[in-house]
Amino acid sequence: MLLRAIFVWLSQASILLPIISGLINYRRLTTPFRALLYFFLASIGFEVQSIVLIDLYHNNMPGLHLFTFVEFLTFSFVFSVFFRRKKRLSQLMIVNAILFVLLAVADAFFVHGIWQVNTIARSYSSISILGYALIYFYFMFRLDERNYTIEHPMFWVSVGTLVYFGSNTLYFIFREDLIARGSTALLIGGSIHALLNIIANFLYAQSFRCFSPKTA
Amino acid sequence: MFQPEDSVVVYYLAGTLLLLVLVFVIVLYAFLHQKKVIQLKGRLHEEEIRKRQAIFDALQEGQERERTRLAEELHDGIGAKLSGLKMTLEYLKSHAEQHRDLIARIFSGVSEAVEEVRAISHNLQPYSFNDRTIKLLLLNYTEELSAMNGCRYDLFIAPSTDSIDSQVKLHCYRIVAELLHNVHKHAKASLASVQINVEDGQMEIVVEDNGVGLYSNSGSQEGIGLMNIRNRVKVCNGAMNIDSSADGTTIIIEIPLPSVS
């Protein structure tokens, strides 16, 4: 339990990494990356409300529903700016966003309810964003042969996305089963989730670092 | 023993592991791709430099050939005709008492034209005459400049410059001549010096003056002459350093000399 507590605490604190990196390079950030920074700043608010709601009502699920909604829209916006020249893909992303909103509302009010984990919305959001990241890698490696890869901030966002949303998808798909298997299984799942969250935040921080002035 | 209920945990762990392997493969591929891109960009950059150098060399060669042709035509064509006219007028001067003054004026004009043609021809292609040293050529040039504006030009040219590659010698002469032309035209200097030294396979050219500085008239912009000099220095794989203020200008140029194979 102590190990889990440490992991959870470190996972929560790691959100400061991309925030600090983003604020340092704020003036040089482009619009999608500023949106990403604002999302990370808002995440602190969501973390705080989650802790408060757990203390007061023993349930912080409403915040998670809203967080999922904001998270999906932010990452969709970031990737849509990168894909803006691909007309069909942009149209598909808009359709996907509408579908997600409908699913999220249905999950919150009809399927699981606002006080339960929004497994469907969260999984759908994770799979979509994972898909966007994989499409990004496809375009980067196959169609853009002559540009540096690791100097692109989007590269690090996509790797972070792959790590975080990939593990999220599996975690939320298997979460109820893990709970049913007992505390050990949930501990393993939760710890891995927290660890990958820390790694993802490192990668997001690196993406903001790509905006820092280059020395010759 | 393996419990069937544990399969969920195993699937979860396996899935997570697979995901991490995928991420690792992608990042590794990105680093290798980066290396490939860096090598490609390096090769393209070298190719571009080689191409630009070849174009500049070709342009310079064309220019020099054109100058040689013009110099020869001026000297052999117009120069020869004017010299002929001068000789005719000299004969007339001694035989035509009636129009002696007029003839004297015509004779003087033609003499000046002949001298001007000779000077232009010489400036176009100094090497088209004898195989003179840089020191001698610069001496002649600075004497002409000094006669026009009274500026004193000091030359300190090492004897070892005589044995350098003729192409480098030509570039050296052109560079110094252009710099001295700038001093003459813009610097308003009373004293200028030129030092050319050859040491450790490198030629060092230092041109100094006590004029008004490079940027007093044109703000922060360089003129075409200075740009041409920079291009020449680049073609020779050399380096140029300019230090200019209201008290004067010092330009130091270092050019590596081609090694004798």
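Which residues of strand E1 (residues 152–157) of chain B form the covered face, and which form the uncovered one? The points below take up this question and others.

1. **Basis of the note.** This is a predicted model, in which local features need pLDDT of at least 70 and side-chain atom pairs count only at pLDDT 80 or more, whereas totals for chains, interfaces and linings use all residues. Residues are numbered from 1 along each chain as its sequence is written, chains are lettered from A and ligands numbered from 1 in the order in which they are written, and side-chain values use heavy atoms, with hydrogens and water left out.

2. **Strand E1 of chain B.** The covered face consists of Tyr153(B), Leu155(B) and Ile157(B), while Arg152(B), Asp154(B) and Phe156(B) make up the uncovered face. E1(B) runs parallel to strand E2 (residues 191–199) of chain B, and 6 bridges join the two. Strands pair if DSSP finds at least two bridges between them. Within this pairing, Tyr153(B) has Ala192(B) in E2(B) as its bridge partner. On the uncovered face, Arg152(B) and Asp154(B) form a salt bridge, with the closest N and O atoms 2.8 Å apart.

3. **Architecture of chain A.** Chain A has 8 helices and 0 strands. Helices (H or I, at least four residues) and strands (E, at least two) are DSSP runs, numbered from the N terminus. Of the 216 residues in chain A, 50% are buried. Buried means under 20% relative accessible area, exposed means over 50%, and partly exposed lies in between (1.4 Å probe, protein chains only). Among contacts in chain A between residues at least 6 apart in sequence, 76% join residues at least 24 apart; a contact means heavy atoms within 4.5 Å.

4. **Interface between chains A and B.** The contact involves 29 residues from chain A and 25 residues from chain B. About 2400 Å² is buried between the two chains, and carbon and sulfur atoms give 79% of this area. Buried area is the accessible area (1.4 Å probe) that two parts lose on being put together, summed over both. Between chain A and chain B there are 0 salt bridges and 0 residue pairs in polar contact, counting pairs with both residues at pLDDT 80 or more. On the side of chain A that touches chain B, the elements giving two or more residues are helix H6 (119–143), helix H7 (153–181) and helix H8 (183–209) of chain A. H7(A) supplies the largest share, 13 residues. By class, this side of chain A has 17 nonpolar, 6 polar and 6 charged residues. Ala, Val, Leu, Ile, Met, Phe, Trp, Tyr, Cys and Pro count as nonpolar, Asp, Glu, Lys and Arg as charged, and the others, Gly among them, as polar.

5. **Salt bridges.** The count over all chains is 3 salt bridges, each being a side-chain nitrogen of Lys or Arg within 4 Å of a carboxyl oxygen of Asp or Glu. In chain A, Arg122(A) pairs with Glu71(A), the closest N and O atoms being 2.8 Å apart. This pair links distant parts of the chain, with Arg122(A) in helix H6 and Glu71(A) in helix H4 (residues 61–82) of chain A, 51 residues apart. Both Arg122(A) and Glu71(A) are buried. In chain B, Glu47(B) and Arg50(B) form a salt bridge at 2.9 Å, N to O. These two residues lie in helix H1 of chain B, 3 residues apart, about one turn of the helix. Glu47(B) is partly exposed, with a relative accessible area of 36%, and Arg50(B) is partly exposed at 48%.

6. **Ser128(A).** This residue is in helix H6 of chain A and is buried, with a relative accessible area of 9%. Its side chain makes a polar contact with the side chain of Asn96(A) (3.1 Å) and reaches the backbone oxygen of Tyr124(A) at 2.9 Å. A polar contact is a pair of N or O atoms within 3.5 Å; within protein, one must be able to donate a hydrogen and the other to accept it, and residues adjacent in sequence count only if both atoms are side-chain atoms. Leaving aside neighbours within four places in sequence, Ser128(A) is in contact with Phe72(A) and Asn96(A).

7. **Positive phi in chain B.** Lys188(B), although not a glycine, has a positive phi of about 55°. Lys188(B) lies in the loop between helix H4 (166–187) and E2 of chain B and is exposed, with a relative accessible area of 66%. Asp200(B), also not a glycine, has a positive phi of about 50°. Asp200(B) is found in the loop between E2 and strand E3 (202–209) of chain B and is exposed at 76%.
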